[in-house]
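Hi everyone, thanks for coming. Let me put the structure up, and then we can walk through it together.

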Amino acid sequence: MPALRAIGLSKVYGSGETAVTALNGVDIDFAAGRFHAVMGASGSGKSTLMHCLAGLDRPTSGTVRIFDADLTTLTDEKLTLMRRDHVGFVFQRFNLLPVLTARENILLPLAIAGRRPDQQWFDRVVASVGLTDRLDHRPSELSGGQQQRVAVARALITRPWVVFADEPTGNLDSRSGAEVLGLLRDAVSALGQTVVMVTHDLRAAAYCDRVVFLSDGRYDTALESPSADEIAATLERTR
Amino acid sequence: MTGLIGLTLRTTRANLTRSLLSSLAVVLGVAFVCGSLMFTDGLAAAMTGRAVAQYHNIDVEVTAEPARDDNGLADRVRRVDGVRAAEATWSLPFVGLATAQGRKIRGTHEAVNVSPDPALQPFGASRGRMPATAGEVVLDQHTAEQDRLRVGDRLLISNFGGEPGTYTLVGLTPATKDTVGGAGALIVMTTGDIAAMAGYPANTVIVDAAGGVTDAELAGRIAAATGSEAVPHDELVRRATDAAVGDADTFRTALLGFGMLAVGMAAFVIANTFTIVLAQRTRETALLRLLGTTRRQVLRSVLLEAAVIGVGGSAIGLVVGVLLSYGLPVTLSAVGATADVSPVISVRTVLVALAVGVGVTVLSALLPARRGTRVLPVEALSDAAVQVARPAGRPRRAAGGTLTATGLAGLAGATVVHSTGLAIAGTLIIVTGFLLLSPIVVPFLLRLVHRPLAAMGGATVSLALLNAVRNPRRFATTTNALMVGVTLVGTFTLLAHSAEAPAQRRADAKMSAAFLVTSDLGVIPPALLDALAARPQLAAARPTYELFDDTSGLEVRTGGQPAGTAVVSADAGTTTGDKIKVGTRTFPVSSVTGGTKTVWLNPADIRAAFETPFLTDVQVDPAPGVPAKNARAALETALAGFPTAIAYDHDEYAKHLNAQLNRGLDVVTALLALAVIIALIGVANTLTLSVVERTRENALLRAVGLTRRRLRIMLATEAVIMALTGTLIGVAASVAIALSALGSIKTEGEGISLAVPWDRLGVLLVVAVLAALAASIVPARRAIRVPVAETLAAEQ
């Protein structure tokens, strides 16, 4: 069973003459335990797709399934709990709450749920992102790369069904970016997580097992473990 | 949840500076409420203490039927078995007091008597001794201190309208006069002296019980023997305590009214703060939602934040309230309340402080919190840093418009049908309507003045104006608080000033001569006329008498018509040409005039027709050729022997008429000003938050060449605009309300016309502008300290 499925997914913003179709009947399966990338030109609908997949935005029509759950039928409350317990997020920026330490930021999803952390898992996640000695620092005391590593740890702490990453390297220098992509890669390979990443960075997509291309709100094509050159060529073609 | 609570507390602490301003509003509101409670608790304690002390040493008090002319009550009480001693007591509430040199002690003095028997004295002397023989008196310490009177001094004392007697001050007592009737001295005399001065028998007898009989038993025996009401000690104390507590409660209710007003203003400020802060935290809130915080959890955490601010504000407010409760008596002593009160801090006050502080903060945060937490999780990913303000909805416009129109109609209607109730209802409706409409109307008004102001002030002013209204709702909420405060102060000032104006006219109408001699007690002794006649520097005095004539059932007043004739009111039952019997004489009626059940006679005729008419005042002019100064000196010399009589010239008299009103006005204005102060804190608050929000923007302005000075001016202008808008709308509203209120009480052509106290309104405007300028200092400093390049380069 795929971890995540989009079935006939459409999203139209506005109505009447000003209506904009962002997604137009998208069908994609994302297999569990793999590192996926979604790519496409600006305006191809990749951000909208991710918002719909993550339950942040409601599609106009179509269905999103995370394992058994049909996100489009859930109430806002249930959807919120679904995100809290089974979905992880890493963003381009504004990832962390400035008043909390790194440790507290990592544990935030559990704190919101009122759940005690699993110490072993916490240690493992923290060790894997290399933050063991920075846990008591505030975000303002960390570099951009370190902040993003905290965000990755936070996304993994609940052992989510899916981790969504929205341009996770967009704000980082290339070395920090590579580190973060390595972490996501490890999360899939070593921890068995499923990651869906939206990006326009060719080198980032090259870390992935599978790259899905969108154009004009439609599924275009997909590549399995492509090289940066293959991705560049496909992007050029779908533009 | 623990994690989220921790996060909330952390966020509150991180935003401490922002929270501080809004908690300042809570602090002031709570401080006022608590200060009032602590002060009135102290007042109740003091008044109860006094009530109890008053009956110290009194076992039974006997009260005669008021109508019974009974000189022997005390003797009959003494004969009752079980009475060891009894004494008749008087309490004369309107007594004049002066030094033997003629220096008048102002106030409403009360004379009481004590028995020479120490077992019947409810209080003793702290210095000297209690009066023992005729001609000896004791005064309360406070008056003696204030008017520099010493044991051994000679004093003139007269009952109202009576001839003065000379007494020697033999001691001072810590006891005081009952303060409810206004400030004044307590004069303690011997029973013989007070009986002579009163001229009527005592209707109260106090009793000291012999051994072996209970107070209640004795009271029963006395009541049976004399047929008068006899009340035992414990019951006396209970009644007096109840009355004292009731008085303190009335006072507390009035003070708490002002307290509630302050709290209401604080609610405005808090609501606005939370609206702004939550708007700025949109992304943070969205992130929390994204990570799986439910909307209810977010709402709860915002309310928790409000509660924390509320608790902090309450705690500080309680401390400030203690200070205030010591300050209140000083302020209130100006209106005659006692200053001898030690504030009492009770558990109830602390609980009220917490309940008010936390309650008002959480309740005011509720609406903004509901709105501010309705954030979509995706907003965490969007780039918009500042939320665009929602425009006012159609229902709001409709409701606001309808209410404003209805309120205006009510205000206008009140002047036609003379209904004060309608004026009040109109006021409430129009204010509510305006509060709803303000996010539309206020920015619109500001856009109207934008062009001319921008033309005068240039780009800086233009930018300030645009910044002020860029979020109409925020701007309107800020100015609304101020508007309500100013409307209150303005309406009150206008009404009071308009009521004051007739005092000038009353002085004009009353005074036909250069000087007026009258008394605070309403009546002056007739012998004063002889004393005036003996002074060659003074022209013949024109006395004014007043009394009620039992024969005709008419009020008798002094008129200016020739001797031997009467003027009557139309309802007196006679007409021109008839004869009317007034007192012992009969007069032909010369004319009929307005008024109710009144007859006017020439002063000489009043003296002839009545044995003891009440002399209320005397008009005196200088004798021909005598300078006013000399005449005044002669007048004062003539009055030296009359403790109750006071001479005024025209200005002094008008001032005297206004004195009481003015003192009351100042106190109420001071109490209302608190509301305006809290509203001005709101202006500072909004500006501070706006500056935080526009850090990047201001850096951009600096980058393109706005000097620090200009940035400062821009922010100051923005603050002044907010302050002036609120103040001017408030003044306009108060003029409308005052016009309506004055119109509503106008009857039969008689009424009060609106007098605008330009000086006071001017002060109000200046204060608002200065406060706004002050409010802009800190935010402006913050804005100019921001490093331009870093801010622009930094991702937010």
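Chain B has 21 helices and 20 strands, taken as DSSP runs numbered from the N terminus, with helices (H or I) of at least four residues and strands (E) of at least two. Please keep in mind that this is a predicted model, where local features need pLDDT of at least 70, side-chain atom pairs count only at pLDDT 80 or more, and totals for chains, interfaces and linings use all residues. Residues are numbered from 1 along each chain as its sequence is written, while chains are lettered from A and ligands numbered from 1 in the order in which they are written.

Along the principal axes, the C-alpha atoms of chain B fill a box of roughly 100 × 75 × 45 Å.

Now look at two helices of chain B, H12 (residues 420–469) and H19 (residues 708–744). They pack at an angle of about 150°, with their axes 9 Å apart; axes are lines fitted to C-alpha atoms, for helices over the stretch in contact, and angles run from 0 to 180 degrees between N-to-C directions. H12(B) and H19(B) are therefore roughly antiparallel, the word for angles over 145 degrees.

Finally, where do the chains meet? The contact takes 23 residues from chain B and 24 from chain A, with two residues in contact if their C-beta atoms, placed from the backbone, lie within 7 Å. On the chain B side, helices H1 (2–14) and H8 (282–290) each supply at least two residues. H1(B) gives the largest share of that side, seven residues.

Conventions:
Angles under 35 degrees count as roughly parallel, over 145 as roughly antiparallel, 65 to 115 as roughly perpendicular and the rest as oblique.
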